[in-house]
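Work through the exercises below with the sequence and the 3D view open. Each task is followed by a solution in steps.

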Amino acid sequence: MPQSIAANPILVEATRGDMVESFHRGRYVVMTSDGTVVDQGGDIDALMYPRSAIKPLLAIPFVESGAVEAFGLEDKHIALACSSHNGEEEHAQTVKAWLEKIGLSVDTLECAPHYSLSLNAAIKQASDHVSLTKAHNNCSGKHSGFLSTAQQLGEDPAGYIEESHPVQQRLIKVLEEMGDCYLSSTPRGIDGCGIPVIGMRLRDLGLAMARMADPAGLDAKRIDAIKRIRKGCANAPFMVAGTGRFCTGIMEECGEDALVKVGAEGVYCAAFPKQGLGVALKIDDGTQRGAEVAMGAILRKHGVIDDAKAEVLKKYLTPVLTNWAGKYAGDLRPAF
């Protein structure tokens, strides 16, 4: 086992009866926009792939380009640009209509169709014989944001998922600017939706999210874009994720006080504007359940969620484990 992983603390425990049955190690950082580390656990300087947790950062060029105003787009479209949505019909149909507004079709998307991430919605899609399109892909909103940017700036949209395309080059530049880092020689991979994934330090990702929370010191255009992104997600949280999802549930209750975003393989990011804090975390074993409980603990620890909100959100913050008969079996709980 790599030393950095072995040294990372246990962040979440799963209990059964009177015993801790299993646990999730990980690392996290909470930062201010001047680079001060307020809270941390584990190795925050090891490289990781941010995956979809950085979608609010990737939406910055979309908003800065003027595409929102030029194409008459709304909060729900900005939220979709930041989303890993369930692929429910409202998500897919909104994406389809969005692409028509910018003069393109669903076929222009360079991601693949798949059933909804929500089991109930997927069952309904199958029983209703829904013809799945690329708009059902959980990243179709992000891709629509990329295409809108390309259309607004007069760029050929073909191949927009390739690292050499101006769309992707612009995104890498934004990540470098927001995280105050250089990414030209860090590891590369391919994300689930086909775009490049770029290796980053957790520390740099935390700084980028801190600047989403407190953009003071950035140029006026960037500040306006960040505030617009935060507002869009707060006003249309269903579009960011969907029915029963942690991101949607937290933002429905907290509004602009918490911009939270899941990524694959146990990654989560957040911006807390009132506190001026950015958060990045990674669960070593890649499980979403561990990442959500850990993020919930950070939301509580840093005053974003008070006791009243915690009671409303308890199914997300401290999930109960049940057996197949629905009988209580144990808990998922933060261990830090």
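**Exercise 1. A residue and its surroundings**

Task: Find which residues Leu 277 touches, leaving out those up to four places away in sequence, and decide whether Leu 277 is buried or exposed.

Solution. The model is a predicted one.
Step 1: The contacts of Leu 277 are Val 30, Met 31, Thr 32, Val 38, Met 209, Ala 210, Ala 213, Ala 270, Ala 271, Phe 272 and His 302.
Step 2: Ser 33 lies 244 residues away from Leu 277 along the chain, yet their C-alpha atoms are 7.2 Å apart.
Step 3: The relative accessible area of Leu 277 is 7%. Buried means under 20%, so Leu 277 is buried.

**Exercise 2. Two helix pairs**

Task: Classify the packing of H10 with H11 and of H6 with H8, and state which residue classes make up each contact.

Solution. 
Step 1: Two packed helices are described by the angle between their axes and the distance between the axes.
Step 2: For H10 (residues 202–213) and H11 (residues 220–235), the angle is about 85° and the axes are 9 Å apart. Angles of 65 to 115 degrees count as roughly perpendicular, and H10 and H11 are therefore roughly perpendicular to each other.
Step 3: On the H10 side the contact uses Arg 211, Met 212 and Ala 213, and on the H11 side Ile 226, Ile 229 and Arg 230. By class, four residues of this contact are nonpolar, two are charged and none is polar.
Step 4: For H6 (residues 89–101) and H8 (residues 140–152), the angle is about 5° and the axes are 10 Å apart. Angles under 35 degrees count as roughly parallel, so H6 is roughly parallel to H8.
Step 5: Val 95, Trp 98 and Leu 99 of H6 meet Ser 140, Gly 141, Ser 144, Gly 145, Leu 147 and Ser 148 of H8. By class, this contact has five polar, four nonpolar and no charged residues.

**Exercise 3. The nonpolar core**

Task: Identify the residues of the largest nonpolar core that touch the most other members, and follow the contacts of Met 212.

Solution. 
Step 1: In soluble globular proteins, nonpolar side chains tend to be buried together.
Step 2: The largest nonpolar core has 104 residues, and those touching the most other members are Leu 57, Phe 62, Met 212, Ile 250, Phe 272, Leu 281 and Leu 299. H10 gives this core its largest share, eight residues.
Step 3: Beyond four places in sequence, Met 212 touches Pro 56, Leu 57, Ile 60, Met 178, Ile 226, Ile 229, Arg 230, Leu 259 and Ala 271.

**Exercise 4. Positive phi**

Solution. 
Step 1: Most residues other than glycine have a negative phi.
Step 2: Arg 51 has a positive phi of about 50°, and that of His 129 is near 55°.

**Exercise 5. The whole chain**

Task: Check the radius of gyration of the protein against that of a compact globule.

Solution. 
Step 1: For 336 residues, a compact globule would have a radius of gyration near 20 Å.
Step 2: The protein has 19 Å, which agrees.
Step 3: Of the 336 residues, 56% count as buried.

Terms used: Residues are numbered from 1 along each chain as its sequence is written. This is a predicted model: local features need pLDDT of at least 70, side-chain atom pairs count only at pLDDT 80 or more; totals for chains, interfaces and linings use all residues. Side-chain values use heavy atoms; hydrogens and water are left out. Axes are lines fitted to C-alpha atoms, for helices over the stretch in contact, and angles run from 0 to 180 degrees between N-to-C directions. Helices (H or I, at least four residues) and strands (E, at least two) are DSSP runs, numbered from the N terminus. Angles under 35 degrees count as roughly parallel, over 145 as roughly antiparallel, 65 to 115 as roughly perpendicular and the rest as oblique. Contact means heavy atoms within 4.5 Å. Ala, Val, Leu, Ile, Met, Phe, Trp, Tyr, Cys and Pro count as nonpolar, Asp, Glu, Lys and Arg as charged, and the others, Gly among them, as polar. A nonpolar core is a set of buried Ala, Val, Leu, Ile, Met, Phe, Trp, Tyr and Cys residues joined through side-chain atoms within 4.5 Å. Buried means under 20% relative accessible area, exposed over 50%, partly exposed in between (1.4 Å probe, protein chains only). The radius of gyration is taken over C-alpha atoms; the globule rule is 2.2 Å times the number of residues to the power 0.38.
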